[in-house]
Amino acid sequence: MTQIDRSREARGDLAPGVSGQSRREFLKGTALTGAAMAVAANADAATNAIAVTDPFKGTQGLPLKVGSPCLQAPGETTMGISWAVSGLSRGEVEYADNPEFTGARRAKAGGYGLVPIDVAALQVRLEGLRPATRYWYRTVTTPFTDYRNIYDAKLGEAIVSGIHSFTTLGAAARPHFCMINDTHAQWKSYEMVARKLKEIAPAAVVWNGDATNTTQDKRTAVEIFLDPPIDDRDYSADIPVFFESGNHDFRGSWISKKEEVMLPRHPAERKGSEWDLKWNFAVRCGDLALIGMDTGEDKPDGHPKWFGLANFSPYRRAQAQWLERQFERPDIAKAKYKVLFCHIPLWPRTAAESVPPWDGTTIDPTGYAYWSRECRDLWAPILVKGGVQLVVTGHKHQFDYFPPEPGRPWAMVIGGGPELGRDSKGENPRRFPTVVEGRVADGALRLTVHDVFHRRVVLDCEVARA
Ligand SMILES: [Fe+2]
Ligand SMILES: [Fe+2]
């Protein structure tokens, strides 16, 4: 049980002795079956539950706790769904194009062959969906109470989630997105962000990096991506989330396995030579083409802090080739408005920032990139040729907006960070978390930036009119 779990248990959010899910959500998620209710009752009885020493041997009588589903890596015909579990279990998703579940289908975790099971997070990918179509779904999670070997393994009672829904993307989808960034596992500000996302209810959210800080184990990643200790943690049960990494999302001894918690893009979206560009996306969302790229770490690959682990320059070059190919796709080329999302800005905010080490090109013991010259040099000519009108970034922990200017024909917006009116030097009214909202309305691409700390709109403007 983490420190946060202990404090949540203390304030009564958690079933005692189990970590990561509120009693309210737990009971709601188990409301459909009598057997599941029995499991919930067990949770109440588990006041003195002790941790299973080897969780892969089964739940061993401990109640299974199932998190709210999180929609990830949305596509036109595919949708990923991940959720947290407290013990060894099998996950399936039941889905249909109607709320009565007439003609419902069931999808298992994984692809062919063996179905993956896990003790912390389950992941199911729905395929063969129709574009711009609403689907209803629920998760079905079954614990292995005992799994010493396959011949005498035992399954417990299935826990069925509440019913949620999503709409696939595509040229006929609603042209409306939100971007969040630099949430950094700061729960107070993340709660404000999540509440605003529920209120706006866009077609999709782009989580544009620095979701994490330094991730040393899977439990931390599960908490951040699937089961954060905030009241509105279930926003992503009904709003699909794209993810792009920030520099912090490459830090920590466990973080190279983050796809076990946050699904990458469907492999069929990539050519063989693009096999490791797992997070790049280019998807139509109505008149919008949403394009996501990964700016990587914020210091050069040769920096001693990386201990030889950084290989981002080739990654950025490979993404440039990928980007060229995306604009050759008729569906992307035909989109009226093209928006690029990446974590680190592609342009300096001021002349003072335009020089090393702030452009990320030199090895400096204390400096880091405020913006990425390498990404700009590689990607900007392609963005200009492809007709991108807006670049949406984070990283600076301070909202800013820059209209197009000579040499940069796109507008650039930078989202705020998790700081609530303060920074390391004291009070700073320019430090507030944001939700960046983009939509096509009245024949134009419009941008609205919500300051979710002061509950005000700090920008509302027309970006482009095609
Ligand atoms: Fe950050
Ligand atoms: Fe960052």
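1. Both faces of strand 11 are covered: Ala204, Val206 and Asn208 on one side, and Val205 and Trp207 on the other, are all buried. Buried means that 20 or more other C-beta atoms, placed from the backbone, lie within 10 Å of the residue's own; exposed means 12 or fewer, and partly exposed is in between. In a regular strand the side chains alternate between the two faces of the sheet. Helices (H or I, at least four residues) and strands (E, at least two) are DSSP runs, numbered from the N terminus.

2. This is a predicted model, in which local features need pLDDT of at least 70 and side-chain atom pairs count only at pLDDT 80 or more, while totals for chains, interfaces and linings use all residues. Residues are numbered from 1 along each chain as its sequence is written, and chains are lettered from A and ligands numbered from 1 in the order in which they are written.

3. Strand 10 (residues 176-180) pairs with strand 11 in the parallel sense over four bridges; pairing requires that DSSP finds at least two bridges between the strands. Cys178 stands opposite Val205 in strand 11. The chain passes from strand 10 to strand 11 through helix 4 (residues 187-200), a right-handed β-α-β crossover. Right-handed means that, with the strands pointing away from the viewer, the path from the first strand over the helix to the second runs clockwise.

4. Strand 11 also runs parallel to strand 12 (residues 241-244), joined by four bridges, with Trp207 opposite Phe243. Helix 5 (residues 218-225) carries the chain from strand 11 to strand 12, and this β-α-β crossover is right-handed.

5. In helix 6 (residues 312-328), Phe312, Gln319, Leu323 and Gln326 are buried. The exposed residues Pro314 and Glu328 lie on the face turned away from the buried side of helix 6.

Methods: Expected span 1.5 Å × (residues − 1).
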